[in-house]
Amino acid sequence: MKPLTQIHSRTAVLAHENIDTDRIIPARFLTTTQRSGLGRALFHDWRYRADGSPDPDFALNRPAAAGCEILVGGRNFGCGSSREHAPWALLDYGFRAVLSSEIADIFRGNALKNGLLAVVLSEAEHRWLLEHPGIELTIDVAGGFIELPDGGRFTFELEPFARHCLLSGVDQLGFLLQHAADITRFEEARKAA
Amino acid sequence: MSARTLLDKIWDAHLVRAETAATPAMLYIDLHLVHEVTSPQAFTELRERGLKVRRPERTLATFDHSTPTLPPDANGRRPYATAEAESQVAQLEANAREFGVELQGWGSAHRGIVHVIGPELGATQPGMTIVCGDSHTSTHGAFGALAFGIGTTEVGHVLATQCLLQRKPKSLAITVSGKPGTGVTAKDLILHIIGTIGVNGGTGHVIEYRGPAIEALSMEERMTVCNMSIEAGARAGLIAPDATTFAYLKGRPRAPQGAAWDAAVAAWRTLKSDADARFDREVRIDASQIRPSVTYGTHPGMVTTLDAPVPAAANAQEKRALEYMRVEAGKPLAGTPVDIVFLGSCTNSRLSDLRAAANLLRGRRVAARVRMLVVPGSEQIKRDAEKEGLHDVFRSAGAEWREAGCSMCLGMNGDIGKPGQLVVSTSNRNFEGRQGPGVRTVLASPLVAAASAIAGCVADPREFLTEAAA
């Protein structure tokens, strides 16, 4: 994983509430045994019409959304299935951050473990972002703030260990493996009990 | 020690390292369930890093999501939806062999939906921590186990270290009192709860279901309730183990035997929230007020009763949901024509679910315009149901009797509807396109599903139950 310190991008907005992980990537694309190449399936049934052509009305298909790395999603983003294919698809498509007023627990954990910044903002801040699609933002991971074009800031909290991993580009497995002795001790204490 | 909740007790007993401001807790995992969809990338990671599965004996694999529910042909070929689905299953077979993990695969008497076979084998036990790369792992909380879904990266963590890094969730007590009326099942109860607290009502929390109406439930009913905790945003649901739990587990293949059984039960009896334990939140539900319920929208919180008019859309999202569902506010959902009835999934595919539906269907026919799929949760359930002749009841009624698997719950294996079709489904998610692009899903109990199959439209089972009684 590459360190993630700052993101500077315009936003794409999908205002729908409760965007579930089936919506992010439908189940029929989950038969893969790889992590890569899932961007093509991202929001598939929104992006494409029944005949396979892109739906010009879908927000991400509009020219203004091209190259956006920040997705602002409606409340309760990422609910539903635990499929990690959802953050893999978002990353592969080119997103590096998801902002919402509420993000489902499993999706949020999965996203952060893959270097996709998942940030929860206040309802007022979230509403403002929903109402201003395409705005330029700078997200500072270490500082825990989002800078607006006028210099205003939205601050956000991030679980400290997840932030540490994002900033240094390390994964959590390394930390767990470092504590193998603790695990053995736990297992032996239990056996003795 | 101060009063503790059941969550506190299980949490404390599994701390390899306590959490600090800088790092989450390291939580030991007693049972890791593995299936074909969310594990291949994790095994690849282990292989690339030269790691082994730390505790193969605490790991149990099966395949259920990508598997066909039609039997093999004369040459033994299984009718997979795609070559990729077939190779995903083969990949799990290869990974299980390579890493020494027990697999309930083809030919095993215990293959089935991962959340059905864990309890069935007695692998799921009170006080355990249980994880799986699947959000419906919450099902196992019915046994008083802390059980939750994880992503594939975490599947790798557990395979390699038997541990997970977790911040402790908050606790939410849902106390259910009152006696449910005729035709009101555990499914109606959990749909009512989700409709009450909302699809994000449990976010960040573990729900403990308690109270006399919960204690009165069978284990299969408790599993239905805990299963859909995730649909309220909670990662886990918990029910304190009691005599019902112990009676269910006794004698199952992986349950403790002999003196070990007595010791286990003695320990399990302590697994309940202390009388004066404090929860972060509390909700009370009166089961006597619940009527047979269904969803009418595109998330599991859009719940109504069969006899009530569909509520008016409260916002643009709900308006869109009603349009997608082609449902009119102000009119009851009952009477809406049905194309497919799906009886199955980790929510409602157990023997008692099949019996409940079969009791309504016995001597009746599935309406001519309706296709009904009955998909038992496991090979074991399939055998047990066939021993009782339930397959004959379903087949005589015109329903299809299939092989065990997740099937149409998420439609990964090709069991899907056509655009615009309406499915009355005993599964857990009614998201847009979940059962196929453009397919409309109405979540319901096995009783509502069977009644709707007979009537050819969304129907109240109480009419049929009254007839049966008379």
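Predicted model: local features only at pLDDT ≥ 70, side-chain atom pairs only at ≥ 80, totals over all residues.
A helix here is a DSSP run of H or I covering at least four residues.

Is B:Ala357 buried or exposed? It is buried, because 30 other C-beta atoms lie within 10 Å, and the cut-off for buried is 20 or more. Leaving aside residues up to four places away in sequence, B:Ala357 touches B:Leu343, B:Pro446, B:Ala449 and B:Ala450. Take B:Pro446 from that list: 89 residues along the chain separate it from B:Ala357, yet their C-alpha atoms are 5.5 Å apart.

In soluble globular proteins, nonpolar side chains tend to be buried together. In this model the largest nonpolar core has 203 residues, and A:Val98 and B:Val341 have the most contacts inside it. Which helix gives the most to this core? Helix H15 of chain B, residues 446-455, with eight residues. As for B:Val341, its contacts beyond four places in sequence are B:Val370, B:Met372, B:Val424, B:Ala449, B:Ser452 and B:Ala453.

Now a strand in chain B, E2, residues 25-28. Both of its faces are covered: B:Ala25 and B:Leu27 are buried on one side, B:Met26 and B:Tyr28 on the other. E2(B) pairs antiparallel with strand E1, residues 15-17, over two bridges, and there B:Leu15 has B:Leu27 as its bridge partner. E2(B) also runs antiparallel to strand E8, residues 163-166, with four bridges joining them. In E8(B), the residue opposite B:Leu27 is B:Leu164.

On to chain A. Its secondary structure is eight helices and seven strands. The C-alpha atoms fill a box of roughly 65 × 45 × 25 Å along the principal axes. Of its 193 residues, 46% are buried. Counting contacts between residues at least 6 apart in sequence, 67% join residues at least 24 apart.

Notes. Residues numbered from 1 in each chain as written. Chains lettered and ligands numbered in written order. Buried ≥ 20, exposed ≤ 12 C-beta atoms within 10 Å, placed from the backbone. Contact = placed C-beta atoms within 7 Å. Core = buried A, V, L, I, M, F, W, Y, C linked by C-beta atoms within 7 Å. Pairing = 2+ DSSP bridges.
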